[in-house]
Each structure stands twice: as C-alpha cells, then as structure tokens.
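This briefing goes through the structure shown below, topic by topic. Please keep the coordinates open while reading.

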Amino acid sequence: MDPLSTLWETFFDWDAMREALPEMLTVGLPNTLILAVSAALLGSVLGLLLAVAGISRSRWLRWTARVYTDVFRGLPAAATILLIGVGLAPLGMQVWGPDPYPLGILALSLIAAAYIGEIFRSGIQSVEAAQLEGARALGFSWADAMRLVIIPQGIRRVLPAWVNQLIALIKDSSLVYFLGLVASQRELFRIGQDYAATTGNESALLLAGLCYLALTVPLTHVVNWIDRRLRNGRPATGSTEDDDDTASYAATEGDRR
Amino acid sequence: MTAATTTSVSLDVRDVHLAFGPNRVLRGVDLSVPRGATACVIGPSGSGKSTLLRTINRLIEPDRGDVLLDGRSVLGDDPDALRQRVGMVFQQFNLFPHMSVLRNVTLALRRLGKLGADEADAVARAQLELVGLAGKANSRPSQLSGGQQQRVAIARALALRPEVMLFDEATSALDPELVKGVLGVMADLSAAGMTMVVVTHEMGFARQVADTVAFMDRGVVLEAGPPEAVFERAGHPRLRRFLDQVL
Ligand SMILES: Nc1ncnc2c1ncn2[C@@H]1O[C@H](COP(=O)(O)OP(=O)(O)O)[C@@H](O)[C@H]1O
Ligand SMILES: [Mg+2]
C-alpha cells in the first residue's frame with residue numbers, strides 16, 4: 001500500500017466516521033455545549049464581579065482582582081483544570097459525590113472569569129465619566145449608576161471580545177477529559193479520541209475537529225457581525241418595551257464622540 | 001410648564017471654598033437666588049463656574065462654606081436625595097445612548113421616584129410634550145439633533161420635579177440655529193417660576209431672562225446684580241474687559 005492512501009485512510013475513513021457520528025452528535029456535542037455554555041455563564045458572572053472589583057475604590061478589592069486575574073491567566077488551562085479537578089475532589093465528593101463534571105465546569109469558569117473580567121473592565125472603563133455624572137446628577141447612587149447606566153454600555157462595547165472568549169471555552173472544554181469522565185459525560189474530543197484508540201484510525205478525531213469548527217467558525221462570524229454593527233451603527237428599532245435594551249443597541253458615530 | 005415648578009425654593013451659596021490639590025478653584029463664592037428667580041453666572045473659562053454648580057448639588061463636596069435650600073443647609077443631607085431636588089443640565093447633554101428617549105426620562109422616575117411603568121411613561125411623555133419632543137419618545141438620542149437632545153435632557157431633569165435647576169452652558173455645544181429652541185425652553189421655565197442658576201455665554205439671554213447676573217472670576221463672584229446694573233454700569237475693570245470681549 002502506498003503511503004498516500006495510508007494517509008488517506010488514516011484520516012478519511014468514512015466508515016469509521018459514520019460509526020462515530022451518532023455518539024458524537026448525541027453525547028459529545030451536548031456535553032461540549034453544556035461545559036462551554038455553563039462555564040460561559042458562570043465565568044461571565046464571576047468576570048463581572050472581578051471587573052467591578054478591579055475598578056472599585058477599595059484598594060484591597062482591586063488588589064484581589066489583580067492577583068486573581070494574573071494567576072488564572074498565567075497558568076496553563078490544563079494545569080488549572082487538573083489542580084482544581086484533583087485538588088477539590090475531596091470537597092466535591094462531600095457535596096455531589098465522585099462526579100468530576102461539576103469541577104470541570106468550575107475550573108473552566110474560573111479560567112474564563114479571569115479573561116472575561118479583563119474584557120468587561122476595559123469596556124466599563126471606556127464609558128465616559130460624563131455618563132456617570134449624568135446618572136449621579138439624577139440622584140442615582142454610585143452602585144445604581146454603575147448597574148443601570150455604565151456597565152450595560154461598557155459590556156456592549158466589548159461583546160466581540162466576549163464572544164471570542166466563548167470560542168476559547170468551546171476549545172478548552174476538551175481539556176476536562178483529564179478528570180476521567182464516565183462514558184455518558186464524554187465531550188467531542190474524548191469521543192473522537194476513544195474511537196481513534198480502539199480502531200487505530202484517526203478519522204473519528206478528525207470528525208471531532210470538524211464538529212468544533214462547526215461551532216466555532218459561525219461564532220467568529222458573529223464576532224465580525226457585532227463588530228461591524230458597533231462600528232457602523234444601526235437605526236433604533238423603535239421598541240421601548242425591552243427593559244434591558246440588550247437586543248437593540250445602536251452605537252452610531254454620535255455615541256463615540 | 002407650571003406643573004413642575006410650583007415647589008421651587010430659594011438657593012443660597014455662602015462662602016464656598018474648594019481646591020483641587022493646590023488649585024484653589026472656588027475662593028469664597030456667595031450667591032443668593034430667591035425662590036422662583038433666575039441667576040445667570042457669566043465669566044471667563046476656568047473661573048470656576050462649572051465647579052460652583054457641582055458643589056450646589058454636591059457632585060463635588062465643598063471644602064468650606066454652606067449651601068442652603070429654602071434657608072436650610074443641605075450639606076448634612078443624603079446627596080442622592082438632594083440631587084433629586086436639584087436638577088442639572090450639562091453642556092454635552094449626558095443622555096444615555098443605549099436607551100430610548102422615553103427610557104432616558106423614565107429610568108429615574110421608576111427607580112428613584114418609585115412610579116409604576118405606566119405612570120412613569122405618562123409623566124415622561126407629558127414632559128417630552130412640553131419641550132416639543134412628544135414624537136421622539138421611541139428614538140435613540142443619537143438620532144436627534146443636539147438641540148433636541150438637550151431638550152430631552154431638560155425634560156429628564158424636570159420629570160423628577162426638582163425645586164432648583166442648574167444649567168451648565170446648556171447651549172455651548174449646539175449649532176447656532178439650534179440654540180434658540182433650547183433657550184426658549186429655559187426662558188419658559190424661568191417665567192413659570194423655577195429657581196434657576198444658569199451658567200451661560202448667551203448675554204442676550206442673561207439680559208432678558210435673569211433676575212440676577214453674577215460675574216465670576218478666579219473663583220469668586222466679583223460683581224452681582226440686576227442685568228442692567230451689571231451690563232450697563234460695570235464697575236470692576238475685569239468685568240468691563242470680559243464684557244468687551246463677549247459683547
Ligand atoms: N475634577 C477636577 N479636578 C481637578 N481640577 C479641576 C476639576 N474640575 C475643574 N478643575 C479645574 O478647576 C478650574 C475651574 O474649572 P471650571 O469650574 O470647569 O471652570 P469654568 O466652568 O468656569 O470654565 C480649572 O482650572 C479646572 O482645570
Ligand atoms: Mg464650565
């Protein structure tokens with residue numbers, strides 16, 4: 001057999017792919033999404049707290065946020081996941097039993113929070129001081145002014161960077177396989193790897209890669225789309241019913257004086 | 001606009017001092033504005049006019065001196081509650097760009113005035129009607145002209161039924177043809193009996209609308225009095241020089 005066809009069969013064995021596909025879609029894909037989405041939610045909440053701590057008037061809060069961010073951004077994700085997954089396992093055992101899955105989500109969230117916190121902080125700090133003054137002059141407390149006026153504007157400005165962080169999370173979710181998941185908990189990468197190990201053929205792993213791309217490539221386009229919209233502006237929808245206005249932001253030239 | 005102004009009060013600023021580090025910006029400012037009167041504050045850039053307004057609603061705390069509403073010192077009050085009594089309008093409008101015009105006005109009504117959604121909407125729409133912008137309730141601030149944005153900012157402040165209104169160069173950022181509409185709204189408000197302090201470079205407005213004109217220079221009110229006295233019989237050389245430059 002010539003090397004080229006060996007190579008072809010190693011990566012493009014359609015039968016191997018077809019065999020792995022059902023489990024990939026019914027087990028791997030949902031698990032990857034659960035890990036990434038729940039870590040994104042928890043990481044965003046923690047990130048927002050870090051961002052607010054990072055700009056607070058308390059030196060101790062700022063310092064704590066700084067150290068946290070430096071540590072969790074500075075460590076390799078794999079090391080953090082292993083440290084937390086193994087280090088907190090006895091604690092997890094008492095709370096929810098031997099399942100490593102929640103600790104995997106926790107570790108991913110803590111890592112994401114460090115990055116998302118920096119993203120949110122830069123967005124919040126980019127909002128003009130006049131906005132805070134405008135809100136305070138109406139009688140809003142500092143906390144209300146931040147919550148209702150400053151933070152919503154700041155976060156909108158950094159949505160593209162936040163979506164990039166989701167992409168990173170989807171990829172990093174593959175690392176929780178270190179923690180020894182049971183069969184029904186395996187995400188895309190682990191399922192691809194298992195099939196590859198039993199068949200000695202990498203096609204299932206390639207299929208897993210294609211699944212990741214199917215998730216991440218559209219998201220990169222979402223980033224570009226939000227970016228364009230923030231840059232060029234868009235007329236308001238005329239709806240005033242949405243209390244948070246999350247869906248209908250129009251950042252036109254006027255906003256970015 | 002009478003509805004909003006029935007509760008206006010007198011304002012007294014007494015010997016207010018404020019320094020930013022070594023920069024002594026306010027050096028004993030006195031200003032008295034009787035209930036329902038309008039005081040225009042004029043003076044060169046950097047003389048402390050904006051800082052004075054900010055000490056009145058305590059966006060900046062004065063180092064020394066007193067601010068009285070209706071004869072009572074406000075320096076011991078809760079600053080957030082005080083700011084609901086003292087409305088402020090800024091040169092750059094400071095509208096919230098991520099909210100509709102209507103929501104810019106209802107936000108404080110609902111969160112601070114504790115009005116329900118429908119009630120706040122009704123108050124806000126009535127207030128927008130008074131500044132001639134009823135049709136713009138659902139627009140974004142960025143879709144409005146500068147003059148319209150400033151009128152929204154005025155409506156937003158008035159919706160909270162303040163007892164005193166502060167204007168910090170409300171028309172300085174506007175194209176010339178838009179200035180008149182905003183000054184008109186301010187003149188109406190003054191005529192309706194609102195107590196107002198208006199920092200302005202519009203000498204025509206000061207002459208026609210003000211009960212008192214105060215000339216500020218280097219952190220003090222150098223001269224104050226009725227417009228005729230200040231404009232026609234300016235005593236202090238620095239005031240004369242200033243008027244020569246702006247008139
Ligand atoms: N937040 C601040 N921090 C430090 N200095 C300030 C601040 N605000 C104003 N100043 C200074 O105070 C002086 C008076 O400013 P301001 O009250 O804005 O004058 P005006 O409104 O009359 O032009 C200026 O020298 C200005 O640089
Ligand atoms: Mg000024």
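Which helix of chain A gives the largest share of the nonpolar patch? That share, four residues, belongs to helix α1 (residues 3–11) of chain A. The model is predicted. Chain A and chain B bury about 2,700 Å² between them, and a search of the whole structure finds 20 salt bridges over all chains.

**Nonpolar surface patch**

- The patch covers about 650 Å² of surface.
- Its residues are A:Leu4, A:Leu7, A:Trp8, A:Phe11, A:Phe12 and A:Trp14.
- A:Phe11, one of these patch residues, is located in helix α1 of chain A.
- With a relative accessibility of 33%, A:Phe11 is classed as partly exposed.

**Interface of chain A and chain B**

- The size of an interface is often given as the accessible area lost when the parts come together.
- Here that area is about 2,700 Å², with 53% of it on carbon and sulfur atoms.
- On the chain A side 29 residues take part in contacts, and on the chain B side 31 residues do.
- Two salt bridges are counted between chain A and chain B.
- In a salt bridge between the chains, the side chain of A:Glu133 meets that of B:Arg54 at 2.6 Å, N to O.
- On the side of chain A that touches chain B, α7 (129–137) and α8 (142–157) of chain A each supply at least two residues.
- α7(A) provides the largest share of that side, seven residues.

- A:Arg136 is part of helix α7 of chain A.
- Its relative accessibility is 18%, so A:Arg136 counts as buried, the cut-off being under 20%.
- The side chain of A:Arg136 makes a polar contact of 3.1 Å with the side chain of B:Asp80.
- Beyond residues up to four places away in sequence, A:Arg136 touches B:Leu59, B:Asp80 and B:Arg83 in chain B, and A:Ser141, A:Trp142 and A:Ala145 in chain A.

**Salt bridges within chain A**

- A:Glu23 and A:Arg186 form a side-chain salt bridge of 2.8 Å, N to O.
- A:Glu23 is in helix α2 (residues 14–54) of chain A, while A:Arg186 is in the loop between α9 (159–172) and α10 (188–199) of chain A, so this pair ties together parts 163 residues apart in sequence.
- The two partners fall in separate classes: A:Glu23, at 24% relative accessibility, counts as partly exposed, whereas A:Arg186, at 10%, counts as buried.
- A:Arg186 also meets A:Asp194 in a salt bridge, at 2.6 Å, N to O.

**Salt bridge within chain B**

- The side chains of B:Arg207 and B:Glu232 form a salt bridge of 2.6 Å, N to O.
- B:Glu232 belongs to helix α8 (residues 227–232) of chain B and B:Arg207 to helix α7 (residues 203–209) of chain B, so the pair ties together parts 25 residues apart in sequence.
- B:Glu232 is exposed, its relative accessible area being 53%.
- B:Arg207 has a relative accessible area of 38% and is partly exposed.

**Salt-bridge network**

- A:Glu23, A:Arg186, A:Arg190 and A:Asp194 are joined into one network by salt bridges that share partners.

- B:Thr38 sits in strand β3 (residues 38–42) of chain B.
- Is B:Thr38 buried or exposed? B:Thr38 counts as buried, with a relative accessibility of 0%.
- Leaving out residues up to four places away in sequence, B:Thr38 touches B:Val33, B:Ser190, B:Met194, B:Met196, B:Val198, B:Val209, B:Ala210, B:Asp211 and B:Thr212.
- B:Arg14 lies in strand β1 (residues 11–20) of chain B and, at 45% relative accessibility, counts as partly exposed.
- Apart from neighbours within four places in sequence, B:Arg14 is in contact with B:Val29, B:Asp30, B:Gly65, B:Asp66 and B:Leu68.
- From B:Arg14 to B:Ser145 the distance is 38 Å in space, C-alpha to C-alpha, and the two are 131 residues apart in sequence.

Note on methods. Residues numbered from 1 in each chain as written. Chains lettered and ligands numbered in written order. Predicted model: local features only at pLDDT ≥ 70, side-chain atom pairs only at ≥ 80, totals over all residues. Heavy atoms only, no water. Patch = residues over 30% accessible without salt bridge, like charges linked within 9 Å, V, L, I, M, F, W, Y side chains within 5 Å. Areas by Shrake-Rupley, 256 points an atom, 1.4 Å probe, with all protein chains shown as cover. Salt bridge = Lys/Arg side-chain N within 4 Å of Asp/Glu carboxyl O. Buried < 20%, exposed > 50% of the residue type's maximum accessible area, 1.4 Å probe, protein only. Contact = heavy atoms within 4.5 Å. Buried area = accessible area lost by both parts, 1.4 Å probe. Polar contact = N/O pair within 3.5 Å; in protein donor to acceptor, adjacent residues only side chain to side chain.
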